[in-house]
Amino acid sequence: MTRNSDVSAGEGGIRTGVGDLIRVPWVKSSHSGPNGGQCLEWAPAQAATGTVPIRDSKNPEGPALLLPAPAWTAFLRLVATPGD
């Protein structure tokens, strides 16, 4: 996680500067309550690059974690599957 420098993801050379993430639209979980809760946001427009940025919705100026798209998909499957 970083704030001020570029981040490389994987051997494919995908690079995204954190500055690039400031201007992209972020989406908060539909399960996020009106009180802020413990939620994360993701930037779906960046997913086409093969890297999915996520961040803490309570700290949007803080660092973003860049996940490979397959890892994000696996995470979503795990949290959407009841009882697993």
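Mentor: Let us begin with terms. Helices (H or I, at least four residues) and strands (E, at least two) are DSSP runs, numbered from the N terminus. Two strands pair if DSSP finds at least two bridges between them. This is a predicted model, in which local features need pLDDT of at least 70 and side-chain atom pairs count only at pLDDT 80 or more, while totals for chains, interfaces and linings use all residues. Residues are numbered from 1 along each chain as its sequence is written, and side-chain values use heavy atoms, with hydrogens and water left out.

Trainee: Which residue stands opposite Lys 28 in strand 4?

Mentor: In general, strands of a sheet pair through backbone hydrogen bonds, either parallel or antiparallel. Here, Lys 28 has Glu 41 of strand 4 opposite it. Strand 3 and strand 4 (residues 40-42) are joined in the antiparallel sense by two bridges.

Trainee: In what order do the four strands form the open sheet?

Mentor: The order is 3-4-5-6, with antiparallel pairing. Strand 3 (27-28) and strand 6 (64-68) are at the edges with a single partner strand each, so one side of each has no neighbour in the sheet. Three bridges link strand 4 and strand 5, where Trp 42 stands opposite Ile 54. Five bridges link strand 5 and strand 6, and Arg 55 there stands opposite Ala 64.

Trainee: Which residues make up the largest nonpolar core?

Mentor: In soluble globular proteins, nonpolar side chains tend to be buried together. A nonpolar core is a set of buried Ala, Val, Leu, Ile, Met, Phe, Trp, Tyr and Cys residues joined through side-chain atoms within 4.5 Å. The largest one here has six residues: Leu 21, Val 24, Trp 26, Ala 43, Ala 64 and Leu 66.

Trainee: How many salt bridges does a search of the whole structure find?

Mentor: A salt bridge is a side-chain nitrogen of Lys or Arg within 4 Å of a carboxyl oxygen of Asp or Glu. The search finds two. In one, the closest N and O atoms of Glu 41 and Arg 55 are 2.6 Å apart. Glu 41 belongs to strand 4 and Arg 55 to strand 5, so this pair ties together parts 14 residues apart in sequence. Both Glu 41 and Arg 55 are buried. Lys 58 and Asp 56 form a salt bridge with a closest N and O separation of 3.1 Å. Lys 58 is partly exposed at 48% relative accessible area, and Asp 56 is partly exposed at 33%.

Note on methods: Buried means under 20% relative accessible area, exposed over 50%, partly exposed in between (1.4 Å probe, protein chains only).
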